[in-house]
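Q: Could we go through this structure together, beginning with the terms that I need?

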Amino acid sequence: MEQSVQLAAVISLAAAVFVGASTQRISGMGFALVASPFLVIVLGPHAGITLVNLLGACSSLMIFIQVFRQVEYKKVALILIPAMIMTIPGAWVAARVDGPWLSIGIAVMVILALVSSFLVRNLPAAQGKAMAIGAGAISGFMSVTAGVSGPAIAGYAVASRWPQAKFAISVQLYFLVLSSTSLLAKGGLPHLHWTQWVACFGAMLVGILLGNYLAPKIPAKYSRGFVVLIAFAGAISLMVEGIVALAGQ
C-alpha cells in the first residue's frame with residue numbers, strides 16, 4: 001500500500017510539473033498557475049508552494065538562457081522591485097496560517113487573480129507606472145503565499161498592451177528572480193523522496209523541450225486560454241480539498 005501511494009505521488013508530481021513547464025514555455029507563464037494547486041494537494045500547502053517556487057525558478061532559468069538577449073529589462077525592473085519587497089510580508093503570512101485555511105486561501109487568490117486579469121484589460125490607467133507597481137506588489141505577495149505570481153502580471157500585460165511575444169520572453173527574468181526571492185524568504189527547501197526529485201526535474205526538462213517544439217505552432221490566445229482553464233480546475237480542486245480537511249477536523 002505504501003509503495004502504491006508513493007508511486008501515485010511521484011506520478012502526480014511529474015504530471016503537474018510536465019504540464020506546467022510546457023505551458024510556461026509556450027505562453028511565457030503558467031508554471032505556477034498550472035502546477036501549484038496540484039502540488040499543494042499532493043504535498044500540502046507549505047511544501048507544495050516551496051516546491052513550486054524552486055521548480056518555477058529552474059524552469060524560468062532554462063527558458064531565460066535561450067532568450068536573454070531579447071528581454072525588455074527596464075520594463076521587468078518596474079514590476080520586479082515591488083514584487084520582491086512584498087515577498088517579506090507574504091512569507092510571514094504563509095508561515096502562520098493553518099494548512100486547510102491556507103489551501104482555501106490559495107484557491108481563492110488564484111480565482112480572484114484570474115478574474116481580475118480580465119476585468120482590468122480596458123482600463124486607461126493600466127498604461128501608467130502605478131498599475132505596473134501595483135501588479136508587481138500583488139504578484140510578489142501571492143508568489144510566497146500561493147506560489148502563483150503570474151495572474152497579476154498577465155492582467156497588467158493585457159491591460160498595458162504588452163505584446164505577447166515580448167511578454168513571453170521578458171517575463172522569464174521576472175519569474176526567475178521572484179521565485180528565487182520567495183525561496184530565500186522562506187529559508188528552506190521541501191523534503192522530498194529522491195524519486196520525487198528525479199520525477200520533478202525530469203518532467204520539467206521534457207516539458208520545456210515539448211514547449212520549444214509547440215510554441216511556434218500554437219496561437220497565443222489558445223495557449224493563454226489553456227492556462228486559465230487548467231488553473232481554474234486546479235484551484236477548485238484545491239478549495240474542495242481544504243474544505244474537506246476542515247470538515248474532518
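Q: Which residues touch the most other members of the largest nonpolar core?
A: They are V17, L39 and Y174, in a core of 58 residues.

Q: What should I know about the model itself?
A: This is a predicted model, in which local features need pLDDT of at least 70 and side-chain atom pairs count only at pLDDT 80 or more, while totals for chains, interfaces and linings use all residues. Residues are numbered from 1 along each chain as its sequence is written, and side-chain values use heavy atoms, with hydrogens and water left out.

Q: How many helices and strands does the protein have?
A: The protein has 10 helices and 0 strands, and its pattern along the sequence is α-α-α-α-α-α-α-α-α-α. Helices (H or I, at least four residues) and strands (E, at least two) are DSSP runs, numbered from the N terminus.

Q: What share of the protein is buried?
A: Of its 249 residues, 49% are buried. The protein exposes about 11500 Å², and carbon and sulfur atoms supply 72% of that area. Accessible areas come from the Shrake-Rupley method with a 1.4 Å probe; for residues, only the protein chains shown count as cover.

Q: Back to Y174: what does it touch?
A: Leaving out residues up to four places away in sequence, Y174 touches V76, I79, L80, A83, G136, S139, G140 and I153. Contact means heavy atoms within 4.5 Å. G136, S139 and G140 are among the buried residues of helix 6.

Q: What span should helix 6 have?
A: Helix 6 covers residues 129-145, and its 17 residues should span 24 Å at 1.5 Å a residue. The expected span is 1.5 Å times one less than the number of residues. The end C-alpha atoms of helix 6 are 25 Å apart, which agrees.

Q: And helix 2: is S36 buried or exposed?
A: S36, found in helix 2 (residues 31-43), has a relative accessible area of 1%, so S36 is buried. Its C-alpha atom is 9.9 Å from that of G56, 20 residues away along the chain.

Q: What does V42 touch?
A: V42 is also in helix 2, and it touches A9, S12 and L13, not counting residues up to four places away in sequence. V42 counts as partly exposed because its relative accessibility is 30%.

Q: New topic: which residues form a nonpolar patch on the surface?
A: I236, V240 and V244 form one, with about 270 Å² of accessible area together. Patches are made of residues with over 30% relative accessible area and no salt bridge; like charges are joined within 9 Å, and nonpolar side chains (Val, Leu, Ile, Met, Phe, Trp, Tyr) within 5 Å. A salt bridge is a side-chain nitrogen of Lys or Arg within 4 Å of a carboxyl oxygen of Asp or Glu.

Q: Why does V244 count as exposed?
A: V244 is exposed because its relative accessible area is 53%. V244 is found in helix 10 (residues 220-247), where A245 also lies.

Definitions and conventions. Buried < 20%, exposed > 50% of the residue type's maximum accessible area, 1.4 Å probe, protein only. Core = buried A, V, L, I, M, F, W, Y, C linked by side-chain atoms within 4.5 Å.
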